[in-house]
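Biologist: I am new to this one. Please show me how to read it, feature by feature.

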Amino acid sequence: MLTGWPNDEATPSYAHVMNSDSKTLFDAISADAQAVADGLLAAGFINAGTPDDIVPVIDAFQEAGVDQLIIHMQMGNVPHEHIMESIEVLGTEVLPTYQ
């Protein structure tokens, strides 16, 4: 949503995206993408890696009382095949841990 607007102007219904924390995050990513990625991973905002990497993050949410997660895999230019592979790994190697 922060790239690809004609003339760098969001449509009126998305104008809030360019005038909010989303814009600040976009600017931070533009300045130092690796630092932002590292910070989001370290804080648990993004959960990525192998099942052994992500289970402790899910456990931390569970210990905090969270009983539902939104798992969003179709981001950016991730190929469909990779998304499907991630869904399969999640269903076969991660979710059984919680049943």
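Modeller: Start with one term: contact means heavy atoms within 4.5 Å. Take V55. Leaving out residues up to four places away in sequence, V55 touches V94, T97 and Y98. Keep in mind that this is a predicted model.

Biologist: How many helices and strands does the protein chain have, and in what order do the elements run?

Modeller: The protein chain has three helices and zero strands. From the N terminus, the order is α-α-α.

Biologist: What is the mean pLDDT of the protein chain?

Modeller: pLDDT is the predictor's confidence in each residue, from 0 to 100. The protein chain has a mean of 83, and 82% of its residues reach 70 or more. Among the elements, helix α1 (residues 21-43) has the lowest mean, 84, while α3 has the highest, 94.

Biologist: What share of the 99 residues is buried?

Modeller: Buried means under 20% relative accessible area, and exposed means over 50%. Buried residues make up 12% of the 99 residues in the protein chain. The chain exposes about 7,800 Å², and carbon and sulfur atoms supply 56% of that area.

Biologist: How do I check the span of α2?

Modeller: Count 1.5 Å a residue. The 13 residues of α2 should then span 18 Å, and its end C-alpha atoms are 18 Å apart, so the two agree.

Biologist: Which residues of α2 are buried?

Modeller: First the general idea. An α-helix has 3.6 residues a turn, so residues three or four places apart point the same way. Now the case here. P51, I54, V55 and I58 are the buried residues of α2. They cover an arc of only 110° around the axis, which puts them on the same side of α2. The face turned away from that buried side carries the exposed residues D52 and E63. The cover over the buried residues of α2 includes α3.

Biologist: And how does the span of α3 come out?

Modeller: Helix α3 covers residues 80-94, 15 residues in all. At 1.5 Å a residue it should span 21 Å; its end C-alpha atoms are 20 Å apart, which agrees.

Biologist: Which residues of α3 are buried, and which are exposed?

Modeller: I83, L90 and V94 are buried in α3. Their arc around the axis is only 55°, which puts them on the same side of α3. E81, E88 and T92 are exposed on the other side of α3. The buried residues of α3 pack against α2 (51-63).

Biologist: Which residues make up the largest nonpolar core?

Modeller: In soluble globular proteins, nonpolar side chains tend to be buried together. Here the largest nonpolar core has five residues: I54, V55, I58, L90 and V94. Both α2 and α3 supply at least two residues of this core. The largest share, three residues, comes from α2.

Biologist: What happens just after α2?

Modeller: G65 takes a positive phi of about 100° there. Further on, L69 is found in the loop between α2 and α3. L69 is partly exposed, with a relative accessible area of 40%.

Biologist: What is L69 in contact with?

Modeller: Set aside its neighbours within four places in sequence. L69 is then in contact with I58 and F61. L69 and I58 are eleven residues apart in sequence, and their C-alpha atoms are 8.6 Å apart in space.

Biologist: What share of contacts joins residues at least 24 apart?

Modeller: Take contacts in the protein chain between residues at least 6 apart in sequence. Of these, 28% join residues at least 24 apart.

How values were computed. Residues numbered from 1 in each chain as written. Predicted model: local features only at pLDDT ≥ 70, side-chain atom pairs only at ≥ 80, totals over all residues. Heavy atoms only, no water. Helix = DSSP H or I, 4+ residues; strand = E, 2+ residues; numbered from the N terminus. Buried < 20%, exposed > 50% of the residue type's maximum accessible area, 1.4 Å probe, protein only. Areas by Shrake-Rupley, 256 points an atom, 1.4 Å probe, with all protein chains shown as cover. Expected span 1.5 Å × (residues − 1). Arc of directions from axis to C-beta. Core = buried A, V, L, I, M, F, W, Y, C linked by side-chain atoms within 4.5 Å.
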